[in-house]
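Subject: Model handover

Hello,

Here is the model I promised to pass on.

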Amino acid sequence: MNRYEALTLVEGLLPEKRYKHTLGVVETAVALAKRYGANEEYAEMAAILHDMAKYHNRDEMKQLIQSEGMDPRLLLFHHELWHAPVGAHLATVLAGIHEREILDAIRYHTTGRANMTLVEKIIYVADYIEPGRKFSGVERVRELAHEDLEKALCRAVAQSIVFLIEKKQRIFPDTLECYNDLMLQKEKRKYE
Ligand code: DGI
Ligand code: FE
Ligand code: FE
């Protein structure tokens, strides 16, 4: 599926506001891919499809998590987390995407994880800072994203965890592992 077909598919699955958000993520992800030397086509396709399951039926998502062998812990956490791994599944089924880098960027765009690839980092940060995002703290991450993707990612992940704690939400293990891994990499760089 080319970018136009993918955009048309996603436009049909999402309400206008979410589709606009998607276009913002696409623009931002392509710019970051250029800036940091990632595969632009992969970043663009992952951005187009990243939220494709956002409005998928909740019971169907639950079934897919079970039948497709996705992480069973997902079902013990907030259903907001489900659209990312289910989106990766739908990207294959509905859009014919088989490239692992694209699928993983979709799969981990909400939680992050340890040892993220460059494309995964780009999608996480682009989702956080696309032009439609207005929450407090977003401006600082936008600035950092121009200079240092790693720093922008650290800041975005840390702010997300603080946000979840303030809402008294449980934090998914992948989110914590992502944070711990980023801090470990940072410590290692300090002693290089
Ligand atoms: O789909 P978007 O709105 O563009 O953004 P997203 O995929 O990052 O989803 C954000 C939602 O997911 C937001 O409401 C916070 C929630 N979330 C992210 N990580 C965790 C989480 N919720 C819980 N309970 N635990 C997490 O670790
Ligand atoms: Fe999302
Ligand atoms: Fe998104």
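Before the details, a word on conventions. This is a predicted model, in which local features need pLDDT of at least 70 and side-chain atom pairs count only at pLDDT 80 or more, while totals for chains, interfaces and linings use all residues. Residues are numbered from 1 along each chain as its sequence is written, chains are lettered from A and ligands numbered from 1 in the order in which they are written, and side-chain values use heavy atoms, with hydrogens and water left out.

Now to the metals. For burial I use under 20% relative accessible area, with exposed meaning over 50% and partly exposed in between (1.4 Å probe, protein chains only).

The iron ion (ligand 2) is coordinated at 2.1 Å by Asp51 (OD), His83 (NE2) and His109 (NE2). Along the chain, these donors are spaced D-x31-H-x25-H. Asp51 coordinates both iron ions, ligand 2 and ligand 3, which are 3.6 Å apart. Asp51, in the loop between H3 and H4, and His83, in helix H5 (residues 83-95), link distant parts of the chain, 32 residues apart. Asp51 has a relative accessible area of 2% and is buried; His83 is buried as well, at 3%.

UniProt, in an unreviewed entry, places the feature "domain: HD" at residues 18-132. UniProt positions follow the numbering used here, feature names are shortened, and annotations may be inferred rather than shown by experiment. In the model, that span is 63% helix and 0% strand, and its end C-alpha atoms lie 10 Å apart.

Next, ligand 1. It is surrounded by 18 residues, and the closest are Lys54, Thr110, Arg133, Phe172 and Thr175 (a residue counts if one of its heavy atoms lies within 4 Å). Oxygen atoms of ligand 1 come 3.0 Å from a side-chain N or O atom of His21, 3.1 Å from one of Asp51 and 2.9 Å from a polar backbone atom of Phe172. Taken alone, ligand 1 exposes 570 Å², of which the protein buries 84%; these areas come from the Shrake-Rupley method with a 1.4 Å probe.

Finally, the cysteines. With a disulfide taken as a pair of cysteine sulfur atoms within 2.5 Å, the count is zero. The sulfur of Cys154 is 8.3 Å from the closest cysteine sulfur, that of Cys178, which is too far for a bond. Cys154 is buried at 9% relative accessibility, and Cys178 is buried at 0%.

Best wishes

Conventions:
Helix = DSSP H or I, 4+ residues; strand = E, 2+ residues; numbered from the N terminus. Donors = N, O, S within 2.8 Å, 3.2 Å for Na, K, Ca; no water. Polar contact = N/O pair within 3.5 Å; in protein donor to acceptor, adjacent residues only side chain to side chain.
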